[in-house]
Amino acid sequence: MKIGILYIGIGRYVCFWPDFFKSCEEKLVTEAEKHYYVFTDQESQIEPHERVRVFHQDDMGWPLNSLFRFKMFSRIKDQLADNDYLFFFNSNAKVVQTVTADDFLPKDEDYSALCMATDDYSGFESRPVSATYVAPGETRHYFSGALNGGKCKPYLELIEGCNEIADTDLRNGIMPVWHDESVLNRFLVGKNIKIMHRDMGKPANWSKPENPKIILRRKEDVLGRSWLRNYKGREHTNTWLRKQLRKLGLVS
């Protein structure tokens, strides 16, 4: 059984990689053969390993490094097709207790996704003009962008489907309210999903659940609060963002 793990470590975010890799090797579905696909502009910071493949990715800044994750993955879809399962992890994820195949992998389902809330529509894109719009009552679950995956063929379809959704909004001058997470939630409406709950992705500063298997480390503590604030401080409509979109042929 092969599990492909997708990981983005651009700029300072690469500092999370060593602990993430070590924790996956020691505690994540230990019977599986795990292959890692790392996108970074800091290649020298990734220690060579026979199951780690590194792909250069320019720093596009916030929020494109996040929104365009599916575009990054699409670049190597032929290599990804060699796996039985594919999973994306946020850079700040760390496995802290043993995660079994039953915890993690879909069986009859096509996808596995980390559930943030049930019957809570506050996180969904609420603008009907957006391609990521989810109407009240259209789905019961809101999924985190921090951990999601599935069987290989369906997940490759997710990558391409999410690319199309994101590109549609950007061509229409719309930035999804929660970027890649809005795109993901739109795509997953009506799909056959294994629901992963918060013990598979607990923010480190939350008090519950009490015994998580995967945590999401506080970015402020590692990257620096002021740096993170400046990094995410650009307005979506500024000249810089339009320049980036022009390079990609998404705006004129």
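Mentor: In this predicted model, 35 residues line the largest pocket, and those nearest its centre are Asn90, Asn92, Glu181, Lys219 and Lys232. Two or more lining residues come from each of helix H2 (64-67), strand S7 (141-151), helix H7 (180-188), helix H8 (219-223) and helix H9 (225-231). Of the elements, S7 gives the most, with four residues. By class, the lining holds 14 nonpolar, 12 polar and nine charged residues. The volume of this pocket is about 1000 Å³.

Three of the strands form an open sheet in the order S5-S10-S9, and the pairing is mixed. Strand S5 (93-95) and strand S9 (202-203) are the edges of that sheet; each has a single partner strand, so one side of each has no neighbour in the sheet. S5 runs antiparallel to strand S10 (residues 214-216), and three bridges join the two. Within that pairing, valine 95 has isoleucine 214 of S10 as its bridge partner.

On the scale of the whole chain, the C-alpha trace spans about 50 × 45 × 40 Å along its principal axes. Of the 252 residues, 54% count as buried. Among contacts with a separation of 6 or more, 74% are between residues 24 or more positions apart.

How values were computed:
Residues numbered from 1 in each chain as written. Predicted model: local features only at pLDDT ≥ 70, side-chain atom pairs only at ≥ 80, totals over all residues. Heavy atoms only, no water. 1 Å grid on protein atoms, 1.4 Å probe; cavity = no way out; pocket = protein on both sides within 12 Å on 5 of 7 lines; lining within 4 Å. Points joined across faces, edges and corners; volume = space filled by probe spheres on them. Nonpolar A, V, L, I, M, F, W, Y, C, P; charged D, E, K, R; others polar. Pairing = 2+ DSSP bridges. Buried < 20%, exposed > 50% of the residue type's maximum accessible area, 1.4 Å probe, protein only. Contact = heavy atoms within 4.5 Å.
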